[in-house]
Amino acid sequence: MAAQSLGTAQESRKSLTLTPEEMAAFGEVFRGESLAVISAKLRSTLHSLENVRLDIAITGSVSSGKSTFVNALRGLGDEDQGSAKTGLAETTLDPTPYPHPKYPNIIIWDLPSIETPLLQDEYLESIPPSRYDFFIILASERFTTSHAQLACAIQAKKKHFYFVRSKVDVDIAASRQRRPSTFSEEGVLLEIRENCRIYLQAEGVVKPKVFLLSTFELAKYDFPLFAETISQDLDSHKRHAFLVALPNVSQPILEKKAASMLQHVWLVATVACTLNIQIVPGVTEVACDIGLLMNTMATYRRSFGLESASLYRLAQRTGGSLQAMQSGVCSPLCEVSKSQVIDLLGRANKGTAITFAQELASLPVLGVLASCSLSFATVYQMLRAYLDRAAKDAQNMLKLAFRKSQ
């Protein structure tokens with residue numbers, strides 16, 4: 001679904017319909033209860049989805065790039081305001097929480113190095129596994145007995161953990177210099193990955209998951225697979241939180257974000273059309289919660305890095321101007337406004353929305369929505385189209401940033 005997600009919203013303009021997953025979700029929540037009761041439950045679900053807490057623990061060896069990785073996951077450079085302190089020596093002596101700058105309910109913990117002398121005997125007690133949703137264990141050269149022992153202890157607590165072999169760009173460069181005539185990047189990566197797995201298994205780690213990354217080139221190597229593997233291990237709400245907060249470093253990441261947000265458009269549309277509704281000026285027979293739609297659209301822009309703060313930071317990093325960043329964005333760059341939402345709802349309230357509304361009203365499982373079927377169809381179409389535009393703008397920004405970096 002991820003690979004198809006960016007095209008799905010575009011196709012919706014021509015043929016708007018609910019996916020089988022959405023139909024199943026509707027069938028589950030709309031069975032045998034009144035619209036008021038269902039709406040309240042869905043509002044609670046949406047609130048939980050938007051505010052679920054996710055705690056990510058990052059630990060590893062001294063000089064493995066641990067703190068830089070904390071910053072990279074938060075979309076920050078080492079010199080950006082609010083970034084974790086980095087250095088050649090160990091700079092983290094106590095577990096230190098770093099909230100995501102856009103999603104404060106997502107906490108990335110910079111844990112002390114596993115070689116920290118004062119914590120050697122009591123390390124696990126100092127970082128209680130129950131506090132964290134999963135662990136990321138880094139090494140920049142090779143994994144050691146300390147890494148394996150920590151992993152086994154975490155495994156015993158039935159917590160997920162992932163090994164990251166960092167700074168593989170350094171290994172690639174060194175191998176290319178030493179063996180220019182026989183150099184194979186794929187061969188070097190395969191050798192590093194297999195050596196790590198064999199060693200960790202020999203040390204007692206069951207089925208170690210090893211990923212090769214560079215914190216300075218996060219889009220390369222195993223990062224898309226790393227993100228996919230973690231997301232599959234999380235429950236649905238935390239999976240969504242993890243995906244939308246990922247840095248926008250590659251096309252696969254953008255696709256995963258779009259797919260996750262697309263899965264919840266029906267939920268937002270239902271809540272927006274059944275609670276706190278107001279007549280939309282100038283839009284025939286449509287009433288909804290415009291404030292909720294404004295917040296949702298702003299969330300799309302924030303996740304894709306299209307708000308002014310992210311564009312400004314991108315301009316600084318690439319040596320470009322804010323105007324150059326804005327030139328690649330099709331959708332309005334100003335903050336989402338009420339007038340903009342009303343205009344987009346008016347555009348969506350056309351033939352396809354009316355036809356879709358009629359189809360909704362004819363489905364037995366959705367009969368309870370009959371009273372607001374046109375509103376739902378209009379809001380649903382508008383959100384899908386807006387998400388599609390935002391995803392395309394994010395792709396343009398990614399391409400522009402890549403060109404600037406060359």
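## Exposure and overall make-up

Buried means under 20% relative accessible area, exposed over 50%, and partly exposed in between, with a 1.4 Å probe and protein chains only. By that scale K207, at 71% relative accessibility, counts as exposed. This is a predicted model: local features need pLDDT of at least 70, side-chain atom pairs count only at pLDDT 80 or more, and totals for chains, interfaces and linings use all residues. Residues are numbered from 1 along each chain as its sequence is written, and side-chain values use heavy atoms, with hydrogens and water left out.

The protein chain has 406 residues, and buried residues make up 50% of them. Its secondary structure comes to 18 helices and eight strands. Contact means heavy atoms within 4.5 Å. Among contacts between residues at least 6 apart in sequence, 71% join residues at least 24 apart.

## Two nonpolar cores

A nonpolar core is a set of buried Ala, Val, Leu, Ile, Met, Phe, Trp, Tyr and Cys residues joined through side-chain atoms within 4.5 Å. The largest one holds 80 residues. I136, F226, F242, L293, F304 and M382 touch the most other members. Helix α18 (residues 373-405) supplies the largest share of this core, 13 residues.

F304 has contacts beyond four places in sequence with N248, L254, K257, A258, M261, L387, A390, A391 and A394. A second, separate core has 29 residues, including F163, I172, V188 and L200.

## Helix α8

Helix α8 covers residues 185-202. The expected span of a helix is 1.5 Å times one less than its number of residues. For the 18 residues of α8 that gives 26 Å, and the end C-alpha atoms are 26 Å apart, which agrees. V188, L189, I192, R193, C196 and L200 are buried in α8. They cover an arc of only 125° around the axis, which puts them on the same side of α8. The arc is that of the directions from the helix axis to the C-beta atoms. An α-helix has 3.6 residues a turn, so residues three or four places apart point the same way.

The face of α8 turned away from the buried side carries exposed E186, I198 and A202. Cover for the buried residues includes α6 (145-156), β5 (160-165), α7 (168-178) and β6 (210-212). Just after α8, G204 takes a positive phi of about 100°. K207 is in the loop between α8 and β6. K207 is not a glycine, yet has a positive phi of about 45°.

The twelve residues of α6 should span 16 Å at 1.5 Å a residue; the end C-alpha atoms are 16 Å apart, which agrees. H147, A148, L150, A151 and I154 are buried in α6. They cover an arc of only 165° around the axis, which puts them on the same side of α6. Q149 and A156, on the other side, are exposed. The buried residues of α6 pack against β1 (54-60), α5 (123-126), β4, β5 and α8. Just after α6, K158 takes a positive phi of about 60°.

F161 sits in strand β5. F161 is buried, with a relative accessible area of 9%. Leaving aside neighbours within four places in sequence, F161 contacts F135, I137, A151, I154, Q155 and V205. The C-alpha atoms of F161 and V210 are 9.8 Å apart, although 49 residues separate the two along the chain.

Helix α9 (residues 223-233) has F223, P224, F226, A227, T229, I230 and S231 buried. They pack against α4 (66-73), β4 (134-139), β5, β6, α10 (236-245) and α11 (251-262).

The axes of α13 (residues 290-303) and α16 (residues 338-348) come within 10 Å and cross at roughly 95°. That makes α13 roughly perpendicular to α16. Axes are lines fitted to C-alpha atoms, for helices over the stretch in contact, and angles run from 0 to 180 degrees between N-to-C directions. Angles of 65 to 115 degrees count as roughly perpendicular, under 35 as roughly parallel, over 145 as roughly antiparallel and the rest as oblique. At this crossing, I290, L293, M294 and M297 in α13 meet K338, V341, I342, L344 and L345 in α16.

## Loop residue N276

N276 lies in the loop between α12 (265-274) and β7 (278-279). N276 has a positive phi of about 55° although it is not a glycine. At 57% relative accessibility, N276 counts as exposed.

Technical notes:
Helices (H or I, at least four residues) and strands (E, at least two) are DSSP runs, numbered from the N terminus.
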